[in-house]
Amino acid sequence: MKIKRNIYLIAILFLLTNCTNYRDMTEQEIKEYLDNQYGDNVNYKTEKDGHISKVKFVDIPSLKEIPEEILAFKKLEEIKILNCGVTEIPEFITEFSELKALRLNNNP
């Protein structure tokens with residue numbers, strides 16, 4: 001089982017390193033990548049139609065930037081980054097046309 005997971009992780013990393021635009025990846029591919037990167041410290045709300053509307057990163061002090069990969073979540077309405085190390089809001093945040101809330105509690 002561990003070997004299968006490692007092969008899967010290598011495939012995801014290969015896709016990410018050979019993909020210049022995260023927007024070309026599916027929400028599910030990005031979700032799996034973020035899950036592998038941050039484990040239980042990232043959560044999502046998935047709507048009935050399958051799109052991700054909310055993402056939350058919590059208790060990740062090593063997270064210094066908002067992950068650009070979330071651009072794949074085209075209908076994102078809320079981003080929460082709580083108790084992390086984020087110091088800046090990147091310009092790409094303006095690309096979320098449906099974003100209603102950006103919460104950055106307890107970041108530098």
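Me: Which residues of H2 are buried?

Reply: Glu-27, Ile-30, Tyr-33, Leu-34 and Tyr-38. Buried here means under 20% relative accessible area, exposed is over 50%, and partly exposed is in between (1.4 Å probe, protein chains only). Helices (H or I, at least four residues) and strands (E, at least two) are DSSP runs, numbered from the N terminus.

Me: What sort of model is this?

Reply: It's a predicted model: local features need pLDDT of at least 70, side-chain atom pairs count only at pLDDT 80 or more, and totals for chains, interfaces and linings use all residues. Residues are numbered from 1 along each chain as its sequence is written, and side-chain values use heavy atoms, with hydrogens and water left out.

Me: How many residues does H2 have, and how far does it reach?

Reply: H2 has twelve residues, 27–38, and reaches 16 Å from first C-alpha to last, close to the 16 Å expected at 1.5 Å a residue. That expected span is 1.5 Å times one less than the number of residues.

Me: And what comes just after H2?

Reply: Gly-39, with a positive phi of about 60 degrees.

Me: Which residues other than glycine have a positive phi?

Reply: Asp-59 is one of them, with phi near 60 degrees, and Asn-83 has a positive phi of about 60 degrees too. Asp-59 is in the loop between strands E2 (52–58) and E3 (78–82), while Asn-83 is in the loop between E3 and strand E4 (101–103).

Me: Why do those two count as partly exposed?

Reply: Asp-59 does because its relative accessibility is 46%, and Asn-83 because its value is 31%.

Me: What about Cys-84, buried or exposed?

Reply: Buried, at 7% relative accessibility. Cys-84 lies in the loop between E3 and E4. Leaving aside neighbours within four places in sequence, Cys-84 is in contact (heavy atoms within 4.5 Å) with residues including Phe-57, Asp-59, Pro-61 and Asn-106. Ser-62 is 22 residues away from Cys-84 in sequence, yet their C-alpha atoms are 6.9 Å apart.

Me: Phe-57 turns up there. Which residues have the most contacts inside the largest nonpolar core?

Reply: Leu-34, Phe-57, Ile-70 and Phe-73, in a core of 25 residues. H2, E1, E2 and E3 each supply at least two of the core's residues, and the largest share, four residues, comes from H2. By nonpolar core I mean a set of buried Ala, Val, Leu, Ile, Met, Phe, Trp, Tyr and Cys residues joined through side-chain atoms within 4.5 Å.

Me: What does Phe-57 contact?

Reply: Beyond four places in sequence, Leu-34, Tyr-38, Ile-70 and Cys-84 are among its contacts.

Me: New topic: where is His-51?

Reply: In the loop between strand E1 (42–46) and E2. His-51 is buried, with a relative accessible area of 14%.

Me: What joins the side chains of His-51 and Asp-49?

Reply: A polar contact of 2.4 Å. That term covers a pair of N or O atoms within 3.5 Å; within protein, one must be able to donate a hydrogen and the other to accept it, and residues adjacent in sequence count only if both atoms are side-chain atoms. Leaving aside neighbours within four places, His-51 also contacts Glu-27, Lys-45, Thr-46 and Lys-75.

Me: Last one: Glu-65, buried or exposed?

Reply: Exposed, at 61% relative accessibility. Glu-65 sits in the loop between E2 and E3.
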